[in-house]
Amino acid sequence: KENYLNGTGEKNFETFLVTGATGHDLEEDVVRIDFALAMSKHSDIVNNIYATPRVISTPKVEKRIEALFGKPIQRGGGTLVLNNADGFFDKLQDYTWAGNTVDMQVIIAKPNQDFANGETQDVGRYLITDVTFTKERVSVKVEELTKHFEAGFPLRFFDDLSDAVPYSENQGQHVPYIYGQVFGVKAFPVKKAGKVFQVADHPIHSISNPKRRVNGDYQNATILSTDYESGRFTLQDWEDGQEVICDVNGILATDGSLMNNPADIANHILTEVGQSTINQASIAAARTYYDVASSFSINVVDKQVGLYVNEPGKISDLLQKINQSALSYIRFNNSQEIEYKAWHPYRRTTILFEIADHELISFDLLSSEKDIITELHSLYMQHEETDESRLVKIESQGKNKYNLGGERVKEFNSRAADLKTAQNFGEKMMTILEDEQKQFRVRIKFRALPWLPGDQVRLNIERWGHNEIVEIISVAHDLM
């Protein structure tokens with residue numbers, strides 16, 4: 001490790017002592033050494049490590065979510081600039097930088113307290129993408145870890161299936177992934193001689209309501225046999241060239257039941273793309289919140305989501321669909337773990353802090369009536385092939401409050417499989433959109449460092465006449 005203290009309290013970087021493991025010869029083996037550079041704005045000792053005073057400027061530290069549920073948390077990237085006037089980094093130019101990470105921390109010391117005994121607060125982890133060296137400076141380009149969410153969901157082609165017969169109508173088609181209950185999805189012929197069809201690239205819970213298209217119209221078909229382990233079934237009455245659709249209950253939960261809880265679906269998607277730093281406590285809390293059967297809390301709502309994935313789109317787009325239909329957030333916490341957070345109206349136990357008059361540096365009120373609606377249409381049981389769906393209408397309880405001069409109707413896809421779930425979704429969304437949405441821009445002292453988008457705080461500003469619970473949608477830190 002670089003910058004550990006030696007016996008005299010001075011930094012010691014140049015010398016490494018490497019001991020070979022049993023059975024290995026250091027003269028013949030390849031030795032890899034990973035080390036961390038500790039640097040700061042001001043020279044000091046933190047956790048028994050000398051933090052070299054080389055930081056000139058830092059990237060913008062901002063965390064934000066969409067105000068009305070959307071893609072996972074976004075964090076700003078940029079450039080970390082370090083002092084190289086003494087040539088300290090010259091010897092490190094040939095080292096591997098790209099692909100490694102930069103962890104940023106703030107150390108808060110009380111008056112008359114040195115930083116070695118201060119409180120350390122993590123504020124972000126960034127991925128190094130490029131490094132530029134000059135005689136004066138080293139510029140380290142970093143990007144947000146949420147770039148990982150831009151990867152495509154891993155889907156196979158039907159052509160990749162070893163036991164499927166290649167048919168022209170399947171060429172270029174991906175084998176779908178199905179979460180929850182979906183309706184009217186296409187069934188692909190994989191063995192025409194046996195009238196074998198496949199709907200998914202994984203074990204499924206069940207298949208129902210098959211239909212075949214005859215002369216432009218869908219007619220009921222009869223299932224002859226099922227192989228749910230392979231996501232397949234056979235039909236009794238089918239002729240080559242007829243399109244087939246059906247309703248599918250998709251991926252199984254660990255107990256063998258249908259996986260349709262939004263928290264479990266988000267967790268499964270993240271796991272499928274190799275994300276290992278998922279905070280499972282947040283998954284469990286959200287799962288309980290959505291699942292009526294597992295809790296007696298009056299705040300619990302039964303929420304089930306159906307998601308059909310037949311194109312290798314970005315992970316962020318899939319997670320956005322879950323967030324929009326489940327009213328949820330996906331974010332990194334201060335330990336750099338991915339958290340899944342279900343939104344719910346104010347509950348006393350969720351309030352972290354209170355912002356009062358004496359803490360303000362600046363305060364602005366931003367509000368708008370443009371997003372207020374008088375009626376919400378919650379779509380459910382949407383058919384993937386025909387795009388047909390059912391809807392339930394939710395009317396505002398205070399539709400004449402703002403004298404809007406006419407009806408304002410907005411449509412949302414609840415991705416629900418039944419009327420009750422769609423209505424629950426619509427009623428919760430209406431509580432947000434039937435009233436004016438106030439947004440505050442508040443600048444306060446360092447106490448906001450641990451706060452995250454999605455947290456709730458009490459805004460108690462007597463001078464401006466505000467005493468209300470607000471939800472954080474963006475946090476930006478000025479570290480310099």
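The following conversation sets computed values against the definitions behind the terms.

Modeller: Please keep in mind that this is a predicted model.

Colleague: What makes the contact between Arg-54 and Asp-86 a salt bridge?
Modeller: The closest N and O atoms of Arg-54 and Asp-86 are 2.8 Å apart. The rule asks for a side-chain nitrogen of Lys or Arg within 4 Å of a carboxyl oxygen of Asp or Glu, so the pair qualifies. Arg-54 is in the loop between strand 3 and strand 4, and Asp-86 is in the loop between strand 7 and strand 8, 32 residues apart. In general, side chains of opposite charge can pair when their charged atoms come close.

Colleague: Why is Arg-54 called buried?
Modeller: Its relative accessible area is 6%, and buried means under 20%, so the term applies to Arg-54.

Colleague: How many salt bridges does the rule give?
Modeller: The count comes to nine. One of them joins the side chains of Arg-156 and Asp-201, at 2.8 Å from N to O. This pair links distant parts of the chain, with Arg-156 in the loop between strand 10 and strand 11 and Asp-201 in the loop between strand 13 and strand 14, 45 residues apart.

Colleague: Why does Arg-156 count as partly exposed?
Modeller: Arg-156 has 39% relative accessibility. Asp-201, at 19%, counts as buried because the limit is under 20%.

Colleague: What makes Lys-192 and Glu-169 a salt bridge?
Modeller: Their closest N and O atoms are 3.0 Å apart, and the limit is within 4 Å, so the pair meets the rule. Lys-192 lies in the loop between strand 12 and strand 13 and Glu-169 in the loop between strand 10 and strand 11, so the pair ties together parts that are 23 residues apart in sequence. Lys-192 is buried, at 18%, while Glu-169, at 30%, is partly exposed. A network of salt bridges links Glu-169, Lys-192 and Asp-240.

Colleague: How do you know that strand 7 and strand 10 pair?
Modeller: Six bridges join strand 7 to strand 10. Pairing requires at least two bridges, so these strands pair. They run antiparallel, and Lys-141 in strand 10 is the bridge partner of Thr-79.

Colleague: How many bridges join strand 9 to strand 10?
Modeller: Seven bridges join them, and these strands also run antiparallel. Leu-127 stands opposite Glu-143 in strand 10. A hairpin through three residues joins strand 9 to strand 10.

Colleague: How do you know that the span of helix 3 agrees with expectation?
Modeller: At 1.5 Å a residue, the 12 residues of helix 3 should span 16 Å, and its end C-alpha atoms are 16 Å apart, which agrees.

Colleague: Why is helix 3 described as largely enclosed by the rest of the structure?
Modeller: Nine of its 12 residues are buried, so the description holds for helix 3. Among the buried residues are Ile-315, Leu-318, Leu-319 and Ile-322. Leu-327 follows helix 3 and has a positive phi, near 55 degrees.

Colleague: Which residues have the most contacts inside the largest nonpolar core?
Modeller: They are Phe-153, Tyr-179, Ile-269, Leu-319, Tyr-340 and Met-429, in a core of 53 residues. Helix 4 gives the most to this core, with six residues. A second, separate core has 24 residues, including Val-199 and Leu-235. Leu-319 touches several residues, among them Phe-149, Ile-269 and Leu-270. In soluble globular proteins, nonpolar side chains tend to be buried together.

Technical notes
Residues numbered from 1 in each chain as written. Predicted model: local features only at pLDDT ≥ 70, side-chain atom pairs only at ≥ 80, totals over all residues. Heavy atoms only, no water. Helix = DSSP H or I, 4+ residues; strand = E, 2+ residues; numbered from the N terminus. Buried < 20%, exposed > 50% of the residue type's maximum accessible area, 1.4 Å probe, protein only. Expected span 1.5 Å × (residues − 1). Core = buried A, V, L, I, M, F, W, Y, C linked by side-chain atoms within 4.5 Å. Contact = heavy atoms within 4.5 Å. Lists of a residue's contacts leave out its neighbours within four places in sequence.
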